[in-house]
Amino acid sequence: MDLKKFVSVFSNITTDVGKIMMGYNSARSFLLKQGEKLAFKRLVIENTENRPPEIQKEKVRVLNNLFETVDKRIKEGLYSPNVVKVIVHVFVKYLILPNEDKKKRFEVFKEKYRREPPAFLVIAPTKRCNLHCVGCYASSNSKSAETIPFHLFDRIMKEKTEFWGSHFTVITGGEPFIYRSEGKDILDLVEKYPDNFFMFYTNGTLITKEVAKRMSELGNVTPAVSIEGFEKETDTRRGKGVFKKIMQAFEYLREYGVPFGISVTPMRHNAELLVSDEFLDFYFEKQKVTYGWLFQYMPIGNKYTLDLMITPEQRLNLFKREREILWEKKLFYPDFWNSGPLATGCIASGREGGYLYIDWNGTVTPCAFYPYSPVNVFEIYKSGGNLNDVYNQPFFEAVRRWQDEYGYKKPAPEVGNLIRGCPIRDHHKTAIEIVRKYNAQPEDEYAKQALEDEEYHKGLIEYDEKLKELLDPYWKEIYLKGLYIDREKKKYFTAAI
C-alpha cells in the first residue's frame with residue numbers, strides 16, 4: 001500500500017476511531033502491518049536522507065515496539081475509548097499524516113531561517129516540587145517560587161504551535177502537577193490546546209484519582225513517572241513512602257485508562273538494575289507501563305558530582321543490554337544518550353525534529369542538561385519579539401552547526417559516532433568552548449559553579465576520551481559496516497535480522 005492509499009484508509013477509519021480502535025482487533029492489526037511496511041519502505045529502502053542503514057532499521061524497530069505495546073494495552077482494556085480517540089485524532093491530523101497547513105508553516109520558516117523548525121518544546125513551568133531528590137538537575141524543592149505566569153505560558157504554546165507547526169509538548173519541572181498561576185493549573189493548559197499532545201515528567205505522587213480522571217477526560221496527555229528501581233532505590237533517592245504513592249498513582253491511571261510510562265536515571269549504583277529482566281517485567285508486564293525513558297545521570301544542579309555518573313564501561317554494557325531490549329524484548333525503552341542513533345544524534349538547541357528548553361524563569365537553553373543561555377523569552381516579549389527571535393540566537397545556531405557537522409547533515413559513511421552524540425556530555429570540551437565563545441550565561445548559581453570548576457571540566461573531558469576509545473569500534477562495526485553477530489549468542493550488536 002502506498003502513502004496515498006494508507007492516508008485515505010487511516011483518515012476514513014478515524015471518523016469513528018474510538019469504536020474502531022477499541023473494538024476491532026483486525027482493524028488495528030491491519031494498520032500496524034501497513035504502518036510497519038510503510039515505515040520500512042520510507043526509512044530503510046528509500047532512505048532519502050542517506051542515513052546509515054542500520055540506524056534506519058533501528059528506527060523502524062523502536063516504532064514497531066511502541067505501536068505493538070499500545071495495541072497490547074488496548075487489547076488488555078487499559079486505555080479508555082476517549083483517550084484512544086483523542087490520541088489517534090491528534091497524531092493522525094497533526095503529527096503523522098501530510099498536512100497542507102503545516103507544510104506552509106514549514107516553508108515560511110525554512111525560507112527565513114534555512115532550516116525546518118523544531119518539532120516541539122520542553123518547558124519547565126515551575127521550579128517548585130514537593131520532593132527534594134538527591135542529584136536533581138533542576139535543584140527543585142517546595143520553597144522554590146519561580147513559575148511561568150499562565151498568560152506567558154499560553155503565549156509560548158500559541159507561538160510554537162503557529163510558527164513551527166508543532167503539536168507535541170513536553171512538560172517537566174519542578175513538579176508539573178504543583179503548577180498554579182492566575183487561577184490555572186497545568187491541566188487547564190492541556191485543555192486549552194487539544195491539538196497538542198503532552199507528555200509530563202512527574203514524580204507521580206500528586207496523581208490522585210481526580211487527576212487521573214481528568215487526564216482521561218482530556219485524552220491528550222501521558223505522564224512519565226520517575227522511579228529509581230524498586231521501593232528501596234526509589235525511596236532512598238526520593239523520600240520514604242514515595243514508591244507506594246507511585247504504585248497508587250499507577251492504579252488510578254489504569255483505572256481511568258490513561259497511558260503512562262516511566263522515566264529512570266541510571267547512576268553508578270543502579271544502572272544494571274534498571275535494565276534487568278526483573279525490573280522490566282515488573283513495570284512493563286505487571287504495572288502495564290507503555291513506554292520508558294532512560295536519562296543517565298548528568299552532573300549538573302545542586303551538589304553535582306561525577307561520582308554518580310555511570311562509568312564508561314557501564315555505559316558500554318548498558319548499550320549492549322539496551323540492544324537486547326530493543327530487538328528481543330521489543331520494548332520502547334530508549335536511552336537519551338546511548339540511543340542517539342535513533343534520533344540521528346543530539347536533538348537539542350532547536351534542531352529540525354528537535355526542541356528548545358524553557359525554564360521557570362523564561363531562560364532558554366539548548367536542553368535541560370546544557371544549562372547555558374543567550375536569551376530569556378520574557379525579555380524577548382518585553383522588547384516586542386517572539387519565539388522565533390528566541391530560536392534565532394547565534395549560540396543556538398552554533399550548536400546546530402556542530403550537530404550538522406558531526407553527523408546530522410553528513411552522508412552515511414561520514415557520520416560521527418551517534419552513540420556518543422551529546423555535546424555537553426560526550427563532547428564536553430567543544431560544548432564549553434561554544435558557551436564561552438557566545439557568552440551564554442549560566443542558568444543558575446549551580447551552572448555558574450560548574451562553568452568555573454576546572455576539575456569538573458577535566459573529569460568530563462577524560463570521561464569523553466575513554467568513552468571514545470570504548471564506543472567508537474562498536475559504532476564502526478554496527479552502524480557503518482552493518483556487522484552481523486550471531487543473535488543466538490545474545491550478541492545484539494546489530495540491527496540485521
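How many helices and strands does the secondary structure of the chain come to? The answer is 20 helices and 13 strands, taken as DSSP runs numbered from the N terminus (helices: H or I, at least four residues; strands: E, at least two). This is a predicted model, in which local features need pLDDT of at least 70 and side-chain atom pairs count only at pLDDT 80 or more, while totals for chains, interfaces and linings use all residues. Residues are numbered from 1 along each chain as its sequence is written, and side-chain values use heavy atoms, leaving out hydrogens and water.

**Chain totals**
- Of the 497 residues in the chain, 59% are buried (under 20% relative accessible area; exposed is over 50%, partly exposed in between; 1.4 Å probe, protein chains only).
- Take the contacts (heavy atoms within 4.5 Å) between residues at least 6 apart in sequence: 73% join residues at least 24 apart.

**Helix H12**
- H12 spans residues 277-286, and its buried residues are Phe-279, Leu-280, Phe-282, Tyr-283 and Phe-284.
- Seen down the helix axis, these buried residues fall within an arc of 165°, so they line one face of H12; the arc is that of the directions from the axis to the C-beta atoms.
- Glu-278 and Lys-286 are exposed on the other side of H12.
- The buried residues of H12 pack against helices H4 (53-75), H11 (242-255) and H13 (312-329), and against strands E6 (221-227), E7 (261-264) and E8 (291-294).
- Lys-288 follows H12 and has a positive phi, near 65°.

**Second largest pocket**
- Its volume is about 170 Å³, the space filled by probe spheres set on grid points joined across faces, edges and corners.
- A pocket is an open set of points on a 1 Å grid over the protein atoms alone, where a 1.4 Å probe fits, with protein on both sides within 12 Å along at least five of seven lines; lining residues have an atom within 4 Å of a point.
- H4 and H12 are the elements that give two or more residues to the lining.
- H4 supplies the largest share, five residues.
- The lining residues include Asn-65, Arg-73, Leu-280, Phe-284 and Lys-330.

**Aromatic rings**
- The whole structure holds 28 aromatic pairs (rings of Phe, Tyr and Trp, its six-membered ring, with centres within 6.5 Å; planes under 30 degrees apart are stacked, over 60 edge-to-face, the rest tilted).
- One aromatic cluster is formed by Tyr-201, Phe-295, Phe-336, Trp-337 and Phe-369.
- The charged end of Arg-155 sits over the ring of Tyr-381, 3.6 Å from its centre (NZ of Lys or CZ of Arg within 6 Å of the ring centre and within 35 degrees of the ring normal).
- Arg-400 lies over the face of Tyr-391, at 3.9 Å from the ring centre.
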